[in-house]
Every structure is written in structure tokens, then in C-alpha cells.
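Please examine the sequence and the model shown below. The paragraphs that follow lead through selected parts of the fold.

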Amino acid sequence: MTMESDSESPTRIRYHVIGATTLAAVMLYLDRICIAEIAKLQEFRQALQLSDEQVGMVMSAFFFSYALAQVPAGWLSDRFGARRMMPIYIAVWSICTLLTGFANGFVMLLVVRLLFGLSQAGCYPAAGSLVKRWIELPRRGTASSIVSFGGRLGGAISPLLTAWLLKDYLNWQAVLALYGVGGLFVAVHFWRVFRETPMQHPACNAAEREVITQFDSPDDGGSSAAFPPILTLVGSGTMWLMCALQFGINIGWVFLVTWLPTYLQDVKQVDATIGGLMSTIVLFAGIGGMLLGGPLTDFCTQRLGTRWGRSLPIAGCSAVALCAYLSCLHLESAWSFVIAASIVAFMTDMSVPAIWAYMQDVGGKNTAAVFGWGNMWGNFGAAVTPLLVPIVLKKWDHNGDWHEAFYLFSAGYLVAALCALGINAQRKIS
């Protein structure tokens, strides 16, 4: 019996778990980003009587609630388990997507988007914690890049798919209904595939469990602290650098998923359908970076250790993204701008797996809460940017070229690059 067990081949349940989580990430960004295409429609704005400032507030509302709910939602996943909480998160945000199509004015739309942000907040913290429990240490960067790839894939197809559906087949209410119903099916699928730990999954054999836990001690799936570890997080200097880093990155990146369609339409005079294609190209560029970022941080960690294996990829990617944004000040054609914006997306997403891996390295039993803390500050940056852009344009951009906005985005990446040099994945949070 022992010899048979020793020769048993590992099952591949961990790949099914990562696949289901990646599918959830696809819906996360598909539902999140479609609003940017819908918001530029005159029929949408007229139906809800929205001004440009109100559109900015609606976009920012999501990021504010998303940011504020990160730590509580992450802690709920640590406390009650991702198998219980993740399907709830997916189902609730899918229902909010449906309800967005029923909004009858600014107030209802704002409330629904706030709820939408609250419900999406737990997805990535829960995903980060389950990657830690289901994937062996040397491959966590790659696994994180695959899950993040799902989010970027959803974000990349969202502008083109939404623009195509709106132009030829459905009105904006029906598009939101379609996406919402799809998300409910994903919630059910995740519940069926996932178990909290390899030990709890009936189809995961002993050989696979040994593969997963061979480099560190197994996570027994026990609950985290009774309350989120706020004091511990506040007292961590390296974690504050991670928070500032994510804040800066999102200051620069969020333009690509909020105001980019408007910029292409108003400044570059691009047709709506072509603009949707351009937005999709930009976000697809991010997918390439995401897929390379996981192996990059895993390689750097094997060569340089966790301290610099996490730090240097983030710093280098942020520096290149900064230069790409500054180049936009000198680009006239829409397609040359798309190339520069694609470099920003590529470099930003190449840094994401290193960020995920850092938070898995330092998180302990509170990995999801640590994810939530970092993501919260990052999304404060994302929340501020849609509000700042109209203000910057109104006060300082007198010729309508958006150069002042690009200075703002570039400054975010400068902060990120400097902070990345100071983070240390060897200093545990809990």
C-alpha cells in the first residue's frame, strides 16, 4: 500500500482551482470596465440626465467603496473562507450590474455603483489567499499572473465587446443584463470547483498535497484573527511603502479604464467603434505583461531572493511606464498614442504578479486582509483620478491637449518606482 501511494501521480486539482478563479477575474473586469463605454453614450447620459462631473463621480464612487471595503472583505475571506465568500461576492456584484441597467437617475446609479464596489472588493484578496494555499511557493508568482491575466482579459475584451453589442445588437440596459446573468453562472461554477484547502478537496490526492506544501508548511485553513489586523498593518513601514506604491500605480493606470475612450473621442477625434478597438488593444497589451510578470518575479526571486526579486521588477516596470506617459506629450497621431498607452499597460501589468507575491510572502494567515490593505490604498488612487481629471483639465488645460493630466499620471509612476525600492518581502506582517 505504501509503495503504491509513493508512486501515485499528483492530481491536477490546483489547476482547476486557478482556472475557476481566473474566470471569476474575467467577470470582475468585464463588469467593471463596460461602464466606461456606456458612460460616453449620449442616450445613457440623457436618460439619466448626467453631467460630465456626475459621470466622473459615478466612476469614482466605485473605486471609493471598492477601496474602503478591501480590508473588511479580505478579512471575511480569511475568517469564513473563500469558498463561502467568493460566490457571494460574485453573485452580489452581478446583481448590481443588472441593477445598473434599471437606474432611473444619478442618485440610484451612484448607490448601485457604491454597492458594486463593495461587492467586488473581496475578489482579489480572496484570490490571493487561495493561491497561497493551493500553489507551491516557487510558482506562486506565475499562478498570480494567470489569475490577474483573467482580470486583464476581461478588461481588454470589455470595451470592444461592449461597443460591438451596443452598435449592432443591444441597448445599454440589455448589455448590462447579459453581463450580470453571466456572472451568476460563474458564481455557481466557482462554488462547485473550489475547496478551502487541498486537504479538504476529495479529488486532491496525497501526492498533489505534497507538491503544494513541499516548500513551506501546509495551511490548515484555520480562521484568522477575530478582527482585521489593523494595528499590525499600520505599524509596518514596508507595508506603507507598498500602499504608496499601489496608490501611485493606480493614479497612472486608471486613466486607461476610465477616461481613455473619452480622450480618444474628444481629443483624437476617433470614431466610437475604432475607439473601442484602440482601448481593447491597450488593455490586451497589459495581458502580455501580466503573463510575463509572474515568471519574471519567480526568476528574480530564485536568483536574488525575495527582497529584490519582488522589489526590482516593480521599480523597473514603473520607471518604463513613467517614460511612456511622458512621451505622450509629443505624440500627435492616435495610433502612436495607443502604442505609448500600450507600453504603460504592459509595464503596469508586468509588475502586478510581484505585488501579489509580495503580499503572499508577508501575509501569513491574514493574507487576504494584507491584500485588502494594500489594494485599499491603491484604489484610493484609482478613486481620486476620475475626479481629478476634469478638475485638472478645467483649471490648467486651456488648449484641450490633456498634457497636464499626463503629468499627473506620470507623477504616480514616479512615486511607485521610488517606493518599490524600499519594500522588503522578508519582513512578515503576521
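Is Trp402 buried or exposed, judged by its relative accessibility? The model in which this is asked is a predicted one. Trp402 counts as buried, because its relative accessibility is 7% and the limit for that class is under 20%. Trp402 is placed in the loop between H18 and helix H19 (403-420). The phi angle of Trp402 is near 70 degrees, which is a positive value in a residue other than glycine.

Gln269 belongs to the loop between helix H14 (260-266) and H15. With a relative accessibility of 60%, Gln269 counts as exposed, because the limit for that class is over 50%.

The largest nonpolar core holds 132 residues, and the members touching the most other members are Phe44, Tyr124, Leu245, Phe255, Leu256 and Phe406. Helix H17 (residues 334-363) supplies the largest share of this core, with 16 residues. For Leu256, the contacts beyond four places in sequence are Val282, Leu283, Tyr325, Ala341, Val344 and Ala345.

H17 also packs against another helix. Helix H15 (residues 272-304) and H17 have axes 6 Å apart, at an angle of about 30 degrees. The two helices, H15 and H17, are therefore roughly parallel to each other, since angles under 35 degrees are classed in this way. The crossing in which H15 passes H17 is right-handed. The contact of H15 with H17 comprises 19 nonpolar, seven polar and one charged residues.

Helix H4 (residues 52-68) and helix H7 (residues 106-120) have axes that come within 6 Å and cross at roughly 30 degrees. That angle makes H4 roughly parallel to H7. The crossing of H4 and H7 is right-handed. On the H4 side, the contact is formed by Gln54, Met57, Val58, Ala61, Phe62, Ser65 and Tyr66, which meet residues of H7 including Phe106, Leu109, Leu110, Arg113 and Leu114. By class, the residues of this contact between H4 and H7 are eleven nonpolar, four polar and one charged.

Several individual positions link separate parts of the chain. Asp361 has its place in helix H17 and counts as buried at 9% relative accessibility. Apart from neighbours within four places in sequence, Asp361 is in contact with Leu137, Thr306, Arg310, Ala425 and Lys428. For one of these, Lys428, the C-alpha atom is separated from that of Asp361 by 7.3 Å, although the two residues are 67 residues apart along the chain.

Gly372, found in helix H18 (residues 367-396), counts as buried at 0% relative accessibility. Beyond four places in sequence, Gly372 touches Gln70, Val71 and Pro125. Gly372 and Pro125 are 247 residues apart in sequence, yet their C-alpha atoms are 5.6 Å apart in space.

Val181, which lies in helix H10 (residues 172-193), is partly exposed, with a relative accessible area of 39%. The C-alpha atoms of Val181 and Ser94 are separated by 6.8 Å, while the two residues stand 87 residues apart along the chain.

Definitions and conventions: Residues are numbered from 1 along each chain as its sequence is written. This is a predicted model: local features need pLDDT of at least 70, side-chain atom pairs count only at pLDDT 80 or more; totals for chains, interfaces and linings use all residues. Side-chain values use heavy atoms; hydrogens and water are left out. A nonpolar core is a set of buried Ala, Val, Leu, Ile, Met, Phe, Trp, Tyr and Cys residues joined through side-chain atoms within 4.5 Å. Buried means under 20% relative accessible area, exposed over 50%, partly exposed in between (1.4 Å probe, protein chains only). Helices (H or I, at least four residues) and strands (E, at least two) are DSSP runs, numbered from the N terminus. Contact means heavy atoms within 4.5 Å. Axes are lines fitted to C-alpha atoms, for helices over the stretch in contact, and angles run from 0 to 180 degrees between N-to-C directions. Angles under 35 degrees count as roughly parallel, over 145 as roughly antiparallel, 65 to 115 as roughly perpendicular and the rest as oblique. A crossing is left-handed if the near helix is turned anticlockwise from the far one by less than a right angle, and right-handed if clockwise. Ala, Val, Leu, Ile, Met, Phe, Trp, Tyr, Cys and Pro count as nonpolar, Asp, Glu, Lys and Arg as charged, and the others, Gly among them, as polar.
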